[in-house]
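Open the model in your viewer and keep the selection tool ready. The stops below go from strand to strand and end at a single side chain.

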Amino acid sequence: MESMPNCPICQSEHTYQDGALYICPECAHEWDPTALTTHDDTLIVKDSNGNLLADGDDIILIKDLKLKGSSSVLKKGEKAKGIRLVEGDHEIDCKMDGMKVMLKACFVKKA
């Protein structure tokens with residue numbers, strides 16, 4: 001008898017087979033065991049002009065941004081070098097004016 005594989009999402013061992021699919025009752029994930037299992041975990045982030053951003057790129061602000069919880073303002077045209085892309089609501093992690101800030105990609109353009 002063939003043992004059922006663990007769920008690739010939650011690692012539950014209580015999976016079962018329904019037709020051609022495996023199903024996890026704990027997280028409700030369904031997957032096809034014969035499908036290619038290459039997961040491309042690269043983060044796709046585009047700037048305000050639709051250009052793809054990558055780790056290490058330089059960016060320029062396209063509008064003034066007030067920093068939350070501070071009286072500081074990041075001015076339009078300020079440049080950040082060597083950005084880092086992260087998952088979440090604010091996709092860009094960088095330093096501007098010596099401060100570490102998180103920015104949304106819609107407020108920047110690739111330099």
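Why is strand E11 (residues 92-96) largely enclosed by the rest of the structure? Four of its five residues are buried (under 20% relative accessible area; exposed is over 50%, partly exposed in between; 1.4 Å probe, protein chains only). Strands (E, at least two residues) are DSSP runs, numbered from the N terminus.

This is a predicted model, where local features need pLDDT of at least 70, side-chain atom pairs count only at pLDDT 80 or more, and totals for chains, interfaces and linings use all residues. Residues are numbered from 1 along each chain as its sequence is written, and side-chain values use heavy atoms, leaving out hydrogens and water.

Next, select strand E10 (residues 84-85). Two bridges join E10 to E11, antiparallel; strands pair if DSSP finds at least two bridges between them. Leu-85 stands opposite Ile-92. In the six residues between these strands, find Gly-88, with a positive phi near 130 degrees.

Move to strand E12 (residues 99-103). Five bridges join E12 to E11, again antiparallel. Met-96 has Met-99 as its bridge partner. Two residues separate the strands of this hairpin, and Asp-97 in the turn has a positive phi of about 55 degrees.

Now select E1, E2 and E3. They form an open antiparallel sheet in the order E1-E2-E3. E1 and E3 (30-31) are the edge strands, each pairing on one side only. E1 and E2 (residues 21-23) share three bridges, and Asp-18 stands opposite Leu-21.

Last stop: Ser-12, in the segment before E1 (16-18). Ser-12 counts as buried because its relative accessibility is 5%. Leaving aside neighbours within four places in sequence, Ser-12 is in contact (heavy atoms within 4.5 Å) with Asn-6, Cys-7, Cys-24 and Glu-26.
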